[in-house]
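The sequence and the model are shown first.

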Amino acid sequence: MVILYWELKNGGNMEKKVALVTGASRGIGKAIAIDLAKNNYIVVINYCQNENAAKEVLDIVNSYSEGIIIKADVSNIDDINSMYKQIKEKFNRLDVLVNNAGAIIRPAGWAEISDKDWQKTLDINLKGVFNCTKIFIELLKNSNNGRIINLTSTVGISSVAPVIAYGAAKAGVISLTNAFAKELAPNITVNAIAPGNIDTDMTQSAGQDLINWVIDNTPMKRLGKPEEIAYLVSFLASEKSSFITGQIIEVAGGYDLR
Ligand code: NAP
């Protein structure tokens, strides 16, 4: 009876799983947060700079399930520790970690990239994934369905020289996926998604000429939609993916066919 009262009072969320999506204010992370909410997860929406955009995502998440927003720069370990503290205090559980936050900073090849841009690119895209994983393992290992899903890129598999640091960081994410999959089995599965070219701010910032070239060279003849990544995240987060770990799954409309 007491349990029933507690469940009713809390919207019946006793059995709800908690998912953290880093970089969920825009683009792919936003679509992931919304699809997880549609699948009844409580969603922690992490953002770095765009609070208003994160609040808009929260409104959508709340229309399907429930969520909170947390500001944290994943390249800053103090921010990640603070995010951990907030999630532990509020929910005392985490079932799904989606390491989605990423940035190109400034496209540059080996000859022109500055030391500062190199470092920042690796700090966000690689060190951020490592530190989030390391810090949230403690909560994830208490879940009976722990999942880590990393966002790498086709650029991490087959490098594109004009974004040399981003490609190196994304290749590093593949290595982390492999290493953590071995370390964390059988309790937690760890997989990565390697998108091709998805229609987000990141891709739009490349300019229309490059986008036209990409579309021309993609067998599906279009950019991907953020939702087409989110659906795979929801599958990998679910119990249906229970025997899949250490995999890098390309979602690229055939752009990756070599
Ligand atoms: P996006 O549209 O540029 O959005 C980036 C998201 O990451 C935003 O929510 C941003 O938050 C957040 N973010 C950036 N730096 C952060 C930091 N230091 N700490 C926390 N959050 C941070 O990017 P996207 O296209 O959706 O990409 C999402 C992921 O997919 C990235 O890992 C990206 O590398 C990967 N990916 C994308 C493509 C593509 O074609 N779009 C292809 C392959 C891989 P704020 O807005 O709040 O700052």
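Predicted model: local features only at pLDDT ≥ 70, side-chain atom pairs only at ≥ 80, totals over all residues.

For T200, an N or O atom of the side chain is 2.5 Å from an oxygen atom of the ligand. For T203, the separation between a polar side-chain atom and an oxygen atom of the ligand is 3.0 Å.

On its own, the ligand has 900 Å² of accessible area, and the protein covers 95% of that area.

Helix 8 provides the largest share, with 3 residues.

The ligand is surrounded by 31 residues, of which S25, N50, N100, Y166 and T200 are the closest. T200 is also a residue whose side chain has an N or O atom 2.5 Å from a ligand oxygen atom. Sorted by class, the shell consists of 13 nonpolar, 14 polar and 4 charged residues.

Is T177 buried or exposed? T177 counts as buried because its relative accessibility is 0%, and the cut-off for buried is under 20%. The side chain of T177 reaches the backbone oxygen of V173 at a distance of 2.7 Å.

## N52 in helix 3

N52 is found in helix 3, which spans residues 51-64. Its relative accessibility is 57%, so N52 counts as exposed; the cut-off for this class is over 50%. Along the chain, N52 and S25 are 27 residues apart, and their C-alpha atoms are separated by 8.4 Å. S25 is among the closest residues to the ligand.

## S234 in helix 10

Helix 10 covers residues 226-237 and contains S234. With a relative accessibility of 10%, S234 counts as buried. How far apart are the C-alpha atoms of S234 and A33? They are separated by 9.5 Å, while the two residues are 201 residues apart along the chain.

Definitions and conventions
Residues numbered from 1 in each chain as written. Heavy atoms only, no water. Near = heavy atom within 4 Å. Polar contact = N/O pair within 3.5 Å; in protein donor to acceptor, adjacent residues only side chain to side chain. Areas by Shrake-Rupley, 256 points an atom, 1.4 Å probe, with all protein chains shown as cover. Helix = DSSP H or I, 4+ residues; strand = E, 2+ residues; numbered from the N terminus. Nonpolar A, V, L, I, M, F, W, Y, C, P; charged D, E, K, R; others polar. Buried < 20%, exposed > 50% of the residue type's maximum accessible area, 1.4 Å probe, protein only.
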